[in-house]
Amino acid sequence: MRIFRFKTNIFKSDLEKIEEILGQYKGIRWKIDNDSKNNVLQVDGYGVTPQEIIASIKAAGYECEEI
């Protein structure tokens with residue numbers, strides 16, 4: 001399993017939208033740590049690249065960069 005972490009501007013109120021975006025990738029799990037100052041998105045799984053995650057999140061209007 002691969003683990004990717006991203007700095008984002010995603011908040012709890014955005015989780016439904018993020019579920020729609022990340023739901024297209026089968027075989028991954030994700031979570032957002034809204035207690036961290038960087039609202040860290042962690043994605044675990046196979047079959048997706050960090051670039052795909054970043055592109056999908058940014059296309060929805062959010063900031064996202066790998067850390």
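Ala 55 counts as partly exposed, because its relative accessibility is 47%, a value that falls between the cut-offs of under 20% for buried and over 50% for exposed. The residue sits in helix H2, which covers residues 50–59. Ten residues along the chain separate Ala 55 from Glu 65, and their C-alpha atoms are 9.8 Å apart. Please keep in mind that this is a predicted model.

In E4, Glu 65 is the bridge partner of Lys 7. The strands concerned, E1 and E4 (residues 64–66), are antiparallel and joined by three bridges. E1, made of residues 2–8, also runs antiparallel to E3 (residues 40–45), with five bridges between them. Here Ile 3 has Asp 44 of E3 standing opposite. E3 pairs with E2 as well, again in the antiparallel sense, over six bridges. One place to look for this pairing is Asp 33, whose bridge partner in E3 is Val 40.

What lies between E2 and E3 in their hairpin? Six residues separate the two strands, and Asn 39 takes a positive phi there. Asn 39 belongs to the loop between E2 (28–33) and E3. Its phi is near 45°, a positive value in a residue other than glycine. Asn 39 is also buried, because its relative accessibility is 6%, which is under the 20% cut-off.

Now for the charged side chains. How many salt bridges does a search of the whole structure find? The search finds one. It is formed by the side chains of Arg 29 and Asp 44, at 3.8 Å from N to O. Since Arg 29 lies in strand E2 and Asp 44 in strand E3, the pair ties together parts that are 15 residues apart in sequence. Are the two partners buried or exposed? Arg 29 is exposed, with a relative accessible area of 52%, whereas Asp 44 is buried, with a value of 12%.

| Residue | Relative accessible area | Class |
|---|---|---|
| Asn 39 | 6% | buried |
| Asp 44 | 12% | buried |
| Ala 55 | 47% | partly exposed |
| Arg 29 | 52% | exposed |

Notes:
Residues are numbered from 1 along each chain as its sequence is written. This is a predicted model: local features need pLDDT of at least 70, side-chain atom pairs count only at pLDDT 80 or more; totals for chains, interfaces and linings use all residues. Side-chain values use heavy atoms; hydrogens and water are left out. Two strands pair if DSSP finds at least two bridges between them. Helices (H or I, at least four residues) and strands (E, at least two) are DSSP runs, numbered from the N terminus. Buried means under 20% relative accessible area, exposed over 50%, partly exposed in between (1.4 Å probe, protein chains only). A salt bridge is a side-chain nitrogen of Lys or Arg within 4 Å of a carboxyl oxygen of Asp or Glu.
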